[in-house]
There are 2 protein chains.
Amino acid sequence: MMKTLHVVKIGGNIIDNEAALLAFLKDFSQIPGDKILVHGGGKIATQMGEKLGIPQELIDGRRVTSAETLDLITMVYAGLIGKRIVALLQSLNTNALGLTGADGNAILGQKRLVKTVDYGFVADVEPSGVNQQAIQQWLSAGFTPVFAALSHDGQGHLLNTNADRVAAVLAMAMADTYEVHLKYCFEKNGVLQDIHDNDSYLRTLDKSQFESYVSQGIIQQGMIPKLDNAAQAAQKVASVGILHADHLLKSIQENTIYGTSIL
Amino acid sequence: MMKTLHVVKIGGNIIDNEAALLAFLKDFSQIPGDKILVHGGGKIATQMGEKLGIPQELIDGRRVTSAETLDLITMVYAGLIGKRIVALLQSLNTNALGLTGADGNAILGQKRLVKTVDYGFVADVEPSGVNQQAIQQWLSAGFTPVFAALSHDGQGHLLNTNADRVAAVLAMAMADTYEVHLKYCFEKNGVLQDIHDNDSYLRTLDKSQFESYVSQGIIQQGMIPKLDNAAQAAQKVASVGILHADHLLKSIQENTIYGTSIL
């Protein structure tokens with residue numbers, strides 16, 4: 001029987017709120033067995049960029065990553081947020097390691113080619129870029145990897161990488177050797193049919209429903225790439241859920257997704 | 001026979017210079033076998049602090065660490081500099097991990113008690129605070145730990161920690177199981193008798209000479225705590241050297257310290 005591995009992505013609105021982050025980490029630390037945390041840190045990076053006078057440009061919700069912005073993200077994601085999470089998890093008896101895709105050559109990305117838009121130092125990543133051996137070594141030794149949303153190109157450069165995508169490729173790659181459960185945690189109860197009603201979350205979502213909701217405009221904006229990643233991962237891993245951070249631990253303890261199950 | 005472990009501390013003036021840093025990392029990556037790198041990043045943190053309007057106060061060459069300054073240091077040391085070094089080392093076939101003392105609970109520190117000066121979020125660290133087992137696991141698995149100068153208190157807080165001290169306690173702790181060679185690399189040829197003459201470096205320095213040079217004012221300022229650490233480590237490890245970064249690889253290859261040997 002394969003061992004269970006929980007891959008959890010935590011969203012920006014939880015990270016931005018100190019009390020919510022601590023509550024989430026307390027729950028995360030209680031997940032039994034092998035686990036991986038993936039985080040971004042969007043708003044804090046944007047605020048720090050303003051303070052430093054680094055203009056932040058978003059195109060279709062994606063951050064255009066100049067060399068200065070890459071430095072900013074490296075500081076904020078891998079430094080400020082990642083290492084703060086690691087210190088908090090250590091106090092909660094979880095033996096965390098604060099990593100990027102460069103650490104241990106864990107996630108090799110490809111700098112995105114310029115088509116219509118030059119996104120700069122941004123990577124596309126695939127499950128084949130994940131170094132399964134390194135991650136297995138960490139997990140087997142009892143460490144809990146905490147990944148900031150950065151990969152590297154193997155040529156000495158870090159690359160900004162979508163955190164939802166990082167979680168998906170980690171989950172898919174590790175599914176070769178683990179029974180992987182992937183959960184996207186954020187401040188809503190799931191994929192909402194009515195954006196103003198937190199109880200309107202879908203209990204399940206399959207591919208044809210997803211396409212239909214997108215065409216109807218019910219699923220919009222940042223939720224679309226998140227669900228693209230979730231749907232792709234669902235082909236390969238044991239379960240994929242999109243749920244409120246407060247419902248993570250209960251969902252794992254009861255082996256039921258209190259949120260939206262991606263089929 | 002014990003395995004050899006090289007612990008190398010790299011100074012701020014090398015880190016601040018992109019070409020010098022890359023040249024140093026090329027040499028570091030060629031050190032055979034097990035190795036650990038320790039870095040600070042003083043000037044970049046000071047510059048970033050100015051840009052962010054976080055006033056930086058130094059008392060006797062030590063940085064007073066407010067909560068804001070701790071965040072600044074965490075961003076710059078563990079994020080910007082640490083992860084940039086990791087990405088560069090990966091391109092040089094060195095399987096680096098960018099760590100703080102919180103990662104893997106590697107270095108537990110004690111927040112410095114307020115005597116005459118409140119240094120804020122600053123730690124004192126001892127060899128007993130080093131998690132030998134975690135470091136052995138990383139080294140045995142082929143990873144090269146790259147430590148930013150931060151420890152943690154086990155209660156969820158990172159703490160600013162002198163980089164020379166971090167290198168010394170890592171070297172002393174690991175000397176229980178490795179033949180440890182500790183090298184402090186910077187932009188001078190060694191401990192200079194005449195600060196203006198880079199060729200005036202002492203070939204060797206023992207404890208009584210050190211005390212005499214300090215009382216004569218030949219050894220001054222930041223060099224005093226560095227040498228305190230070096231002298232303490234020399235009691236326990238196989239060799240301690242203070243040398244120019246350009247002379248690191250040659251010193252290791254020829255098993256001779258081209259710089260100042262601390263006896």
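Q: What is the handedness of the crossing of H3(A) and H4(A)?
A: This is a predicted model, and in it the crossing of H3(A) and H4(A) is right-handed.

Q: And at what angle do those two pack, and how far apart are the axes?
A: Helix H3 of chain A, residues 42-52, packs against helix H4 of chain A, residues 67-91, at an angle of about 130°, and the axes are 9 Å apart. H3(A) and H4(A) are therefore oblique to each other.

Q: Which residues meet there?
A: From H3(A) the residues are Gly42(A), Ile44(A), Ala45(A), Met48(A), Gly49(A) and Leu52(A), and they meet Leu72(A), Met75(A), Val76(A), Tyr77(A), Leu80(A) and Ile81(A) in H4(A). Sorted by class, this contact of H3(A) with H4(A) has ten nonpolar and two polar residues, with no charged ones.

Q: Now chain B: at what angle do the axes of H3(B) and H4(B) cross?
A: The axes of helix H3 of chain B, residues 42-51, and helix H4 of chain B, residues 67-91, cross at roughly 130° and come within 9 Å, so H3(B) and H4(B) are oblique to each other. H3(B) passes H4(B) in a right-handed crossing.

Q: Which residues make that one?
A: On the H3(B) side they are Gly42(B), Ile44(B), Ala45(B), Met48(B) and Gly49(B), which meet Leu72(B), Val76(B), Tyr77(B), Leu80(B) and Ile81(B) in H4(B). The residues of this contact divide into eight nonpolar and two polar, with no charged.

Q: Back in chain A, are H6(A) and H8(A) parallel or oblique to each other?
A: The axes of helix H6 of chain A, residues 163-174, and helix H8 of chain A, residues 223-234, come within 9 Å and cross at roughly 0°. Angles under 35 degrees count as roughly parallel, and H6(A) and H8(A) are therefore roughly parallel to each other.

Q: What makes the contact there?
A: H6(A) contributes Asp164(A), Arg165(A), Ala168(A) and Met172(A), while H8(A) contributes Lys226(A), Asn229(A), Gln232(A) and Ala233(A). By class, the contact of H6(A) with H8(A) has three nonpolar, two polar and three charged residues.

Q: Switching to sheets, what is the strand order in chain A?
A: Eight strands of chain A form an open sheet with mixed pairing, in the order E5-E8-E2-E1-E11-E13-E14-E12. Strand E5 (96-99) and strand E12 (204-205) of chain A stand at the edges with a single partner strand each, so one side of each has no neighbour in the sheet.

Q: How does E12(A) pair with E14(A)?
A: E12(A) pairs with strand E14 of chain A, residues 260-262, in the parallel sense over two bridges, and Ser261(A) in E14(A) is the bridge partner of Thr204(A).

Q: How many bridges join E11(B) to E13(B)?
A: Strand E11 of chain B, residues 178-186, is joined by six bridges to strand E13 of chain B, residues 239-244, and these strands run parallel. The bridge partner of Phe186(B) in E13(B) is His244(B).

Q: Last topic: how much area do the two chains bury between them?
A: Chain B and chain A bury about 2,800 Å² between them, and 67% of that lies on carbon and sulfur atoms. In chain B, Leu52(B), Met75(B) and Lys83(B) lose the most area to chain A, together 20% of what that side buries.

Q: And how many residues are in contact?
A: There are 38 residues of chain B in contact with 38 residues of chain A.

Technical notes:
Residues numbered from 1 in each chain as written. Chains lettered and ligands numbered in written order. Predicted model: local features only at pLDDT ≥ 70, side-chain atom pairs only at ≥ 80, totals over all residues. Heavy atoms only, no water. Axes fitted to C-alpha atoms, helices over the stretch in contact; angles between N-to-C directions. Helix = DSSP H or I, 4+ residues; strand = E, 2+ residues; numbered from the N terminus. Parallel < 35°, antiparallel > 145°, perpendicular 65-115°, else oblique. Left-handed = near helix turned anticlockwise from the far one by under 90°. Contact = heavy atoms within 4.5 Å. Nonpolar A, V, L, I, M, F, W, Y, C, P; charged D, E, K, R; others polar. Pairing = 2+ DSSP bridges. Buried area = accessible area lost by both parts, 1.4 Å probe.
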